[in-house]
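Reader: Hello! Could you walk me through this structure, one step at a time?

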Amino acid sequence: MKFFNAIISSLILALTLSSCKQEGTAEKKNQTAKMNSLVQKQAWGQLADGSPVDLYTLTNKNGLVAQITNYGGIVVSLMTPDRNGKMEDVVLGYETLDEYVRDNPYFGCIVGRYGNRIAKGQFELDGKTYNLAKNNGENHLHGGLKGFDKVIWEAVPDTSEGEASLNLTYVSPDMEEGYPGNLEVRVVYTLTKNNELKITYFATPDKKTHVNLTHHGYFNLTGNAQRDILDHQLSITSNGFLEVDASLIPTGSLTGLNGSPFDFKKPKRIGIEINTEHEQLKRGQGYDHCWLLSSSQTASMKVPAATLYEPVSGRYMEVFTTEPGIQFYSGNFLDGKYKGKGGVVYQDRWGLCLETQHFPDTPNRSQNEWPSTIVMPGSHYSSTTVYKFAVK
Ligand code: GLA
């Protein structure tokens with residue numbers, strides 16, 4: 001009898017275990033299926049040293065699609081609907097990895113360790129001078145010769161309730177591109193259910209260093225880049241911008257906007273004053289300046305730092321950020337030498353960037369003059385920017 005009972009108990013146990021296992025497997029399968037419908041991964045080629053690169057396709061519950069590669073964290077394409085529901089790509093870029101590796105004017109990438117310029121490729125920290133690459137005339141630009149836009153990031157996709165994310169991590173070694181300290185960086189792209197491309201940045205150094213991370217998407221809301229961006233209407237919620245010298249380093253003068261070509265307090269056609277006689281427009285060859293955002297605005301992220309509207313497609317984009325500045329760059333250095341997706345040749349001002357960031361050249365400013373970009377060892381840098389898409 002004892003023997004018989006033991007057999008029955010083992011049978012019950014085996015059946016229970018197998019049904020749990022089946023449930024577990026079913027749940028796992030469900031999760032994988034859910035993940036597969038919102039995030040897909042494909043091999044996307046390799047770098048010259050053989051490192052493999054992947055392309056992730058993120059889809060939100062409304063059908064917006066972002067393709068992101070772990071090479072440079074580049075947003076390769078971003079499909080959003082026009083006012084008739086037609087899905088088209090709203091960012092400039094290439095179709096293949098090789099083209100990005102060969103010559104990329106920062107299309108869609110993560111920029112770091114320091115976005116924008118540092119004068120003469122040099123700064124001093126605690127009495128020590130750090131020398132960086134001079135990759136923009138006599139200045140340092142966007143993290144140097146091999147910035148975060150050219151490295152391979154470790155990528156882990158994630159999904160939740162109609163949203164899809166890509167977690168990208170990278171450890172920048174001490175003295176990489178001349179910057180002190182190992183820096184652990186994490187950037188999370190999320191295509192939210194509210195039709196936003198949300199980017200959160202985190203970084204922790206083990207030595208005192210400077211950090212200023214941004215995203216360098218070139219937007220063109222016409223869809224598949226049909227013409228230049230001069231008819232886009234832009235607003236920037238700001239009362240002042242930083243004047244620059246001939247090499248685009250801020251002079252330190254904060255200039256008011258009233259009535260000037262730099263006044264975007266109300267939505268304005270970008271092309272309307274871009275060619276007017278103005279020393280600052282001459283220096284930038286158009287707009288390539290940092291506008292200041294108020295701390296009340298960046299603390300709540302409720303007021304957009306900028307809005308962009310393209311009247312023919314009806315596409316409307318809002319930018320929200322925790323950063324104190326936004327660099328509006330009107331694509332002045334696109335000169336027809338970049339042949340992008342669909343064979344479209346990007347001419348002068350065929351894309352525009354709204355790069356949320358701390359101010360250019362802050363490492364060379366006296367302390368407390370501008371919001372600091374210093375991050376202390378073990379402390380946590382974080383920053384959030386949202387590009388929200390709608391139609392009007
Ligand atoms: C930034 C700069 C521009 C230009 C582009 C890249 O936006 O401010 O001057 O260097 O990057 O071409």
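Author: Let's start with a definition: a charge sits over a ring if NZ of Lys or CZ of Arg is within 6 Å of the ring centre and within 35 degrees of the ring normal. This is a predicted model, where local features need pLDDT of at least 70 and side-chain atom pairs count only at pLDDT 80 or more, while totals for chains, interfaces and linings use all residues. Residues are numbered from 1 along each chain as its sequence is written, and side-chain values use heavy atoms, with hydrogens and water left out.

Reader: Over the ring of which residue does the charged end of Lys392 sit?
Author: Here the charged end belongs to Lys392, and its distance to the ring centre is 4.6 Å. The ring under that charge is the one of Tyr316.

Reader: And over which ring does the charged end of Lys268 sit?
Author: For Lys268, the distance from the charged end to the ring centre is 4.6 Å. The ring belongs to Phe264.

Reader: Which residue forms an aromatic pair with Phe264?
Author: Rings of Phe, Tyr and Trp (its six-membered ring) pair if their centres lie within 6.5 Å; planes under 30 degrees apart count as stacked, over 60 as edge-to-face and the rest as tilted. In this pair the centres are 5.2 Å apart and the planes are at 70 degrees, which makes it edge-to-face. The partner of Phe264 is Tyr287.

Reader: Is Tyr287 buried or exposed?
Author: Buried means under 20% relative accessible area, exposed over 50%, and partly exposed in between (1.4 Å probe, protein chains only). Tyr287 has a relative accessibility of 0%, so Tyr287 is buried.

Reader: Is the pair of Phe241 and Trp291 stacked, edge-to-face or tilted?
Author: The ring centres of Phe241 and Trp291 are 5.8 Å apart. Their planes are at 35 degrees, so the pair is tilted.

Reader: How many residues apart are Phe241 and Trp291?
Author: Helices (H or I, at least four residues) and strands (E, at least two) are DSSP runs, numbered from the N terminus. Phe241 is in strand E18 (residues 240-244), and Trp291 is in strand E21 (residues 288-292). The pair links distant parts of the chain, and the separation is 50 residues.

Reader: What is the relative accessible area of Trp291?
Author: Phe241 is buried, with a relative accessible area of 1%. Trp291 is buried too, and its value is 0%.

Reader: Which side chain makes a polar contact with the side chain of His210?
Author: A polar contact is a pair of N or O atoms within 3.5 Å; within protein, one must be able to donate a hydrogen and the other to accept it, and residues adjacent in sequence count only if both atoms are side-chain atoms. His210 lies in strand E15 (residues 209-210) and is buried at 3% relative accessible area. At 2.8 Å, the partner side chain is that of Thr373.

Reader: Where is Asn220, and with which side chain does the side chain of Asn220 make a polar contact?
Author: Asn220 sits in the loop between strand E16 (214-215) and strand E17 (233-236). Asn220 is buried, with a relative accessible area of 1%. The polar contact is 2.6 Å, and the partner is the side chain of Thr222.

Reader: How far does a polar side-chain atom of Asp288 lie from an oxygen atom of the ligand?
Author: A polar side-chain atom of Arg117 lies 2.6 Å from a ligand oxygen atom, and one of His216 lies 2.8 Å from a ligand oxygen atom. For Asp288, the distance is 2.3 Å.
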